[in-house]
Amino acid sequence: MKKNSISRRTFLKSSALAGAAGMVGTGSALTSCNSGGSDKVVYKPLKEPGSYYIPDLPDKASDGRELKAGVIGCGGRGSGAAFNFLNAADGVTITAIADTFKERVDSLAEKLKSEKGIDIPENMRFAGLDAYKQVIDSGVDLVIVATPPNFRPIHFQYATEKGIHSFLEKPICVDPVGYRTIIATAKQAQAKNLCVITGTQRHHQRNYVEAYKKLMEGTIGEITGGAVYWNGGKLWHRDRQAGWTDCEWMIKDWVNWAWLSGDHIVEQHVHNLDVFTWFSGLKPLKAVGFGSRQRRVTGDQFDNFSVDFTMDNGIHLHSMCRQIDGCANSVSEFVQGTRGSLHTSASNMAIIKDLAGNEVWKYDFEAEKAEFKQSDPYVLEHVNWINLIRAGKTIEQASETAVANMAAIMGRESAYTGGESTWEAMTASPLDLMPKDINLTGKMDMSGFVVPIAGKPYIKK
């Protein structure tokens, strides 16, 4: 990620920390359980302050020039991101929207008019597989890309060619061809001084940002390993309806098809993998994993994965994800260090313990509520994006997110094939999940959309 000179914000006033037994570091929402009273533990930092990026996270973006946004992808996440953007600042609006299907375009347009008073005229509503070009060419300053993931690399590429700032929902690619497109486009975005933010919203969630700062300060020592989890219930699916073409059904049921979503290890679990690659600064050297399909009812994906990653400095990361109802759930991350460990979750946790299991630091959510009105990371990522654009600064998160994305792809391919997957081979692989005969109106060859069986030849979609 390209660094910039944006100033840090002191997250919480010191008065909100009254009653803590002591402080480890400053400017953080925390309680400390050090037994040494006023004695302050001195840690060896992993990185010096100022050498790593910390976002400024006020409740709302600063006032500035008006910004016109386009939305590509008007489904649940695209509609959500549109309102997150509008809630992040004053003086911003949405002027053009697109989706594969006209009914989704009209649905978002009606919602924008009824809830925000924004009237999208018919000539700024676009539908079809190429509708993204019409939005980007319509005179917008920035674009929110929230289509099914396989399409995001080409949408990012076109927006960057046109000099448009991009918000890319995660994941940002589903295969090595898409990965290489993202990396090449990210370099072009940097050269054009564009602001590129991705939907890995933990980077804009205050408990994670504070936990990252504590890691960089050396609170748990050198990182020696970890485990990350997204074990949850089944997501939605859509049964095929009469009159739907093959492509129409798959896109409307996209979270269940590997060519569209990358499978759930890529589409969902990338969040947790991203936390570890962000916190550690490491990328995976190789992956050995397994998975299976137990209860998924549409599509061609697995519904569980377990992967052992060897990172590029030799330490190991265990990755586990599952989408099956009625099982033990956990969406969290664990990082082990030479001095202690960190346990984080999106909902309610950021805790550091020493090697004896004593709590030495935790994030204070109640203090955050007392200081801030806005704590939704889905909004805060847009606050940061808008502030950087208005300040004329550059940020480029796509290449960083691509590391976690590639880790997920490596884990998926190892589980699908039963073999070992390596960074070197996978980043150079010709694997391209985009169907060659994709079309919305006719039939497609569906013979390749089969559930992989480990140990047998892998059928490319």
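A salt bridge is a side-chain nitrogen of Lys or Arg within 4 Å of a carboxyl oxygen of Asp or Glu. The structure is a predicted model, in which local features need pLDDT of at least 70 and side-chain atom pairs count only at pLDDT 80 or more, while totals for chains, interfaces and linings use all residues. Residues are numbered from 1 along each chain as its sequence is written, and side-chain values use heavy atoms, with hydrogens and water left out.

**View 1. A network of salt bridges.** Lys102, Asp106, Glu122 and Arg125 are linked by salt bridges into a network. In the whole structure, a search finds 22 salt bridges.

**View 2. The salt bridge of Arg206 and Asp59.** The closest N and O atoms of Arg206 and Asp59 are 3.8 Å apart. Arg206 belongs to helix H6 (residues 206-216), whereas Asp59 lies in the loop between strand E1 (30-31) and strand E2 (67-72); the two are 147 residues apart. Helices (H or I, at least four residues) and strands (E, at least two) are DSSP runs, numbered from the N terminus. Arg206 is buried, with a relative accessible area of 1%, but Asp59 is partly exposed, at 22%. Buried means under 20% relative accessible area, exposed over 50%, and partly exposed in between (1.4 Å probe, protein chains only).

View 3. Lys369 and Glu366 form a salt bridge, with their closest N and O atoms 3.5 Å apart. Both residues lie in helix H11 (residues 365-371), three residues apart, about one turn of the helix. Both Lys369 and Glu366 are exposed.

**View 4. The packing of helices H5 and H13.** The axes of H5 (residues 176-191) and H13 come within 9 Å and cross at roughly 170°; axes are lines fitted to C-alpha atoms, for helices over the stretch in contact, and angles run from 0 to 180 degrees between N-to-C directions. The two helices are therefore roughly antiparallel to each other, a term for angles over 145 degrees. Pro176, Tyr179, Ile182, Ile183 and Ala186 in H5 meet Ala398, Ser399, Ala402, Met406 and Ile409 in H13; contact means heavy atoms within 4.5 Å.

**View 5. The surroundings of Ile197.** Ile197 is placed in strand E7 (residues 195-198) and counts as buried, at 0% relative accessibility. Although Ile197 and Ile395 are 198 residues apart in sequence, their C-alpha atoms are 7.2 Å apart in space. Leaving aside residues up to four places away in sequence, Ile197 touches several residues, among them Phe167, Leu168, Trp385 and Ile395.

Definitions and conventions. Angles under 35 degrees count as roughly parallel, over 145 as roughly antiparallel, 65 to 115 as roughly perpendicular and the rest as oblique.
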